[in-house]
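Subject: Structure for your review

Dear colleague,

The structure you asked about is below, with the sequence. My notes on what was found in it follow.

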Amino acid sequence: MFVHCNKVGWTFRTFYAKYSDMFDRPSEILRGQQHAALPIDLVSELLLGMRLYGLRYNRIQIAPPFGIGFGTMEARAQFHFIAQGPVFLRTARGALHALGTGDAVFLPRGGPHDLLSAPDLPSRDIATFQTDALCPAVCAITDCPDHTCRTKDTLIFSGCMEFDLGGMHPLVRLMPEVMLVGTLLRRQPEILPMLEAMEREARTERAGFAGILARLADVVAASIVRGWVECGCGDATGWIEALRDPRLGRVIAALHREPGRNWTVAELAAEMGSSRSVFAERFLAVTGLTPLRYLTELRMRLAAQWMGRDHMPIETIAQRLGYGSQAAFSRAFKRITGHSPGAVRNAATIEVSPGG
């Protein structure tokens, strides 16, 4: 079967209910602390808008010793799956993470980092390696001297991704720098088939393997994020405090369900079950924004997403977000983002280097 992968993109919606708790708690994610789980309906609301877009993937077959540098593109998430290891991940601050065969790691904010065959090796920027296109979104990098044994090669599948949490995008900056999939079988054995499938596809290179690997990478990365959210979002404050507060959480969920409604502070206070002054003070203290400013920023993030990814007409977006005219929407959009809607729509297609 041949899978065409001209544009790789995936929206985290129907997958939500099937898997949970899919990452290693001893990792950096929880720092050994236990956090109260978020209410299931609020977790669903938070994750409904989560989207991962694979901009560029690489299947890397390389012989040790090696060092590969990533993260030259700002504001891009990075995903790595180790089909044959071991590999060391070194962050810009020098932290080391040992990754074995079958391990996966997600860096939600990307940033400079290296994959190494040994902890103390220098790295070479991935953009300097020769690539061969497997399909428009996936390239192959092979750096294996003829005289070395192929069974000793390291095999990695990496993805440079655009990662968005929709209206809750500020959560991205609160996530850990590195999110590891550790020992999963103790908690969720059903994740094993996905990881095994990635290893099998990377090794065997059957017809259509590149597109299948890209899709699996999106799902595994989304599972890592969802697991972090379900376990209480680590040490994150502010936004998560709001979601843990049942009354304020209802307001956040209502805004995300109906961003185009003509909300008033009085209506939002009623949703919380408090006076306007108590609600406004609580909302500002927790989120750092007034309720109406939060709503406006939520609308503009959604608008940018609908324009850039869904290619929705500006007039339709204005109507969906509750603006009486396209001109009124355009003024609000430029005031919040600093750009006109047309400029954002025209700049939606971004070329990304092989390394991301």
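Accessible area here is computed by the Shrake-Rupley method with a 1.4 Å probe. By that method the protein chain exposes about 15,700 Å², and carbon and sulfur atoms supply 52% of this area. Please keep in mind that the model is predicted.

Overall picture. The protein chain has 356 residues, of which 53% count as buried. Its secondary structure consists of eleven helices and 13 strands. Among contacts in the protein chain with a separation of 6 or more, 78% are between residues 24 or more positions apart.

Strand 4. This strand covers residues 77-84, and eight of its eight residues are buried. Strand 4 has pairings with two strands that I can describe: strand 12 and strand 7. With strand 12 (residues 154-164), strand 4 runs antiparallel, and seven bridges join the two.

Q305. This residue lies in helix 8, which spans residues 291-308. Q305 has a relative accessibility of 8%, so it counts as buried, the cut-off for buried being under 20%. Between Q305 and V344 there are 39 residues of separation in sequence, while their C-alpha atoms are 9.7 Å apart in space.

Regards

Conventions
Residues are numbered from 1 along each chain as its sequence is written. This is a predicted model: local features need pLDDT of at least 70, side-chain atom pairs count only at pLDDT 80 or more; totals for chains, interfaces and linings use all residues. Side-chain values use heavy atoms; hydrogens and water are left out. Helices (H or I, at least four residues) and strands (E, at least two) are DSSP runs, numbered from the N terminus. Buried means under 20% relative accessible area, exposed over 50%, partly exposed in between (1.4 Å probe, protein chains only). Contact means heavy atoms within 4.5 Å. Two strands pair if DSSP finds at least two bridges between them.
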